[in-house]
Amino acid sequence: MAHLATAPGARRRRARERLRVLGFLSPWLIGFTVFFGYPLIATVYFSFTRYNQIQPPSFVGLRNWRYVFTQMPLFGPALWNTLWLVVVMVALRVVFGLGTGLLVTKVKTGAGFFRTAFYLPYLAPPVAATVAFVFLLNPGTGPVNDALTALGVPAPDWFNDPAWAKPSLVLLSLWGIGDLMVIFLAALLDVPKERYEAAQLDGAGPVATFRYVTWPAITPVVMFAVVTGVVQTMQYYTQALVAGKLASGVSAGPGTPVQPGYPDHSTLTVTQLVYSLGFQHFNTGAACVLSLVLFAIAMAAASLLMRGRAGLLGAEDRP
């Protein structure tokens, strides 16, 4: 009888507890619904419609999907360029960021100056940094090619050569490596000094110390850098568009359509196609299809990396 008498009170307490939890979660739930859930559902819906952002959408079934996968000539080059940048740019940024962080930790005098010097380029606005980089690498007037010619080294055409355009974008990303340098520097400084002292007493060299002491301690940070780098590079847009426009010599005012991907579509990315289709040609349905494809690839890559940890985490760090 006592149990039956207290049951309604226990249910009311559980209900109040659920309401309290929902109250604390409500800011996140509202933000998730407004800024992620609703846009994702709307994107899926518009991908099956003909919609020019002026007239009401009309259902067309799989027509947009067939157009993207079978009739759009630039989808293949754009997807290849995006995946190439993801693999090469993310890998090199992680390597260079970690190397820069290791270098700064070894500096005994002026460490603050070097940290500032390596971090400052990251603070430059993307458009301004790209403009400066394109002028530095200009084949005719850029100081980089002048220096290479003076040294007797063949000077590339950089952003004007399809074979060098994407590597030039990678060099631009490595110039602004300060964000990863700061993250890796914090992780490296957080490694307990006792481990280094124990490794030194055991006679471990620099390579063995990095492999068995430093690397196991910083692998979660490396995983974070890889996953976030993949997601960010999947959305690569501004630098590639600005570099291609400047290198092509096009002088266009505000609102003038610019064909992305110069030279020969070598810098064309999927996000540039999304913008071109959706806001220049008003083909919102096909743009939504490309957005969903990009979202699916990014989610698959992130899930694969997080599932297997890409071999980065040791057995003791895995759940």
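In which loop does D264 lie? D264 lies in the loop between helix 11 and helix 12, helices being DSSP runs of H or I with at least four residues, numbered from the N terminus.

**Basis of the model**

This is a predicted model, in which local features need pLDDT of at least 70 and side-chain atom pairs count only at pLDDT 80 or more, while totals for chains, interfaces and linings use all residues. Residues are numbered from 1 along each chain as its sequence is written, and side-chain values use heavy atoms, with hydrogens and water left out.

The predictor's confidence in each residue, pLDDT, runs from 0 to 100. Its mean over the chain is 87, and 91% of the residues reach 70 or more. Over residues 314-319 pLDDT stays under 50, and the model has seven contacts for them beyond four places in sequence; a contact means heavy atoms within 4.5 Å. Where pLDDT is low, the predicted coordinates should not be read in detail.

**The loop between helices 11 and 12**

The loop that holds P263 runs between helix 11 (238-248) and helix 12 (270-280). A cis peptide bond joins Y262 and P263, with omega about -5 degrees. For the latter, buried means under 20%, exposed over 50% and partly exposed in between (1.4 Å probe, protein chains only).

| Residue | Phi | Relative accessible area |
|---|---|---|
| D264 | near 55 degrees | 65%, exposed |
| H265 | near 60 degrees | 36%, partly exposed |

Most residues other than glycine have a negative phi, and most peptide bonds are trans.

**Nonpolar patch and aromatic pairs**

A nonpolar patch on the surface is formed by L19, V21, L22, L25, W28, L29, F32, F36, F295 and M299, with about 930 Å² of accessible area together. Helix 1 (2-46) and helix 13 (284-308) each supply at least two of its residues; helix 1 gives the most, with eight. F36, placed in helix 1, is partly exposed at 38%.

Ring pairs link W28, F32, F36 and F295 into a cluster. Rings of Phe, Tyr and Trp (its six-membered ring) pair if their centres lie within 6.5 Å; planes under 30 degrees apart count as stacked, over 60 as edge-to-face and the rest as tilted. The count comes to 15 aromatic pairs. W158 and W164 are edge-to-face, because their ring centres are 5.2 Å apart and their planes stand at 70 degrees. W158 is buried at 7% relative accessibility, whereas W164 is partly exposed at 35%.

Notes. Patch = residues over 30% accessible without salt bridge, like charges linked within 9 Å, V, L, I, M, F, W, Y side chains within 5 Å. Areas by Shrake-Rupley, 256 points an atom, 1.4 Å probe, with all protein chains shown as cover. Salt bridge = Lys/Arg side-chain N within 4 Å of Asp/Glu carboxyl O.
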